[in-house]
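Reader: I am new to this structure and would like a close look at a single part of it, taken slowly and with its surroundings included.

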Amino acid sequence: MQWPIVFDARKYYRNFAIIWKFHYMHIKNESIKLRMKCFDPKCKWLAFVSRLNDEHTMELKGYHFEHDCKGKLGSGNKLANAQWVPNEVEDVTICIERIVGSYDMGYNVLPELNVQILLSNHNSISSTSTDGVTK
Ligand SMILES: [Zn+2]
């Protein structure tokens, strides 16, 4: 498994731990080398990632992906911190907009949509309005 840069490798493991509901700690957290271990000292889960000779690509070099611990179910994950949450929400928002289109653009064309509904449906009671506070 490879990542284009160390930032992507760090992001991958942070998301991985949050999704699988466990905590890890960095034994090494350098631009050329990452070594993560499950936060439970008795657990053997670990991942070792190092930079290739191209000086940017990071590659998984060693791992033990089975947990001996039970994780931290029901407790907050320290990896899902105030920095992580807005980044993930922004990523999700970008993905949703790519699928369904821009919400802002949708609201901008809403008056024209109403005009088209009224033109093609005689006796229609269709109308649009905006909230000046949340506009
Ligand atoms: Zn573990």
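How many residues does helix 1 have, and how far does helix 1 reach from its first C-alpha to its last?

Author: The model shown here is a predicted one, and within it helix 1 runs over residues 6-19, which gives it 14 residues and a reach of 20 Å from the first C-alpha to the last, close to the 20 Å expected at 1.5 Å a residue.

The two sides of the helix can be taken in turn. The buried residues of helix 1 are V6, A9, R14 and A17, and because they cover an arc of only 130° around the axis, they lie on the same side of helix 1. On the face turned away from that buried side, helix 1 carries the exposed residues F7 and I19.

What the buried residues meet is the next matter. They pack against strand 1 (2-3), strand 2 (24-29), strand 3 (33-38), strand 4 (46-51) and strand 5 (58-64), and also against helix 2 (84-100). The five strands form an open sheet in the order 1-5-4-3-2, with antiparallel pairing, and its edge strands are strand 1 and strand 2, each of which pairs on one side only. Helix 1 packs on this sheet, where it touches strand 1, strand 2, strand 3, strand 4 and strand 5, and its direction makes about 10° with that of strand 3. Within the sheet, strand 4 and strand 5 run antiparallel and are joined by six bridges, and R51 stands opposite M58 in strand 5.

Another residue that is not a glycine, E55, has a positive phi of about 70°; E55 is found in the loop between strand 4 and strand 5, and with 8 C-beta neighbours inside 10 Å it counts as exposed.

Conventions: Residues are numbered from 1 along each chain as its sequence is written. This is a predicted model: local features need pLDDT of at least 70, side-chain atom pairs count only at pLDDT 80 or more; totals for chains, interfaces and linings use all residues. Helices (H or I, at least four residues) and strands (E, at least two) are DSSP runs, numbered from the N terminus. The expected span of a helix is 1.5 Å times one less than its number of residues. A residue is buried if 20 or more other C-beta atoms lie within 10 Å of its own, exposed if 12 or fewer, and partly exposed in between; C-beta atoms are placed from the backbone. The arc is that of the directions from the helix axis to the C-beta atoms. Two residues are in contact if their C-beta atoms, placed from the backbone, lie within 7 Å. Two strands pair if DSSP finds at least two bridges between them. Axes are lines fitted to C-alpha atoms, for helices over the stretch in contact, and angles run from 0 to 180 degrees between N-to-C directions.
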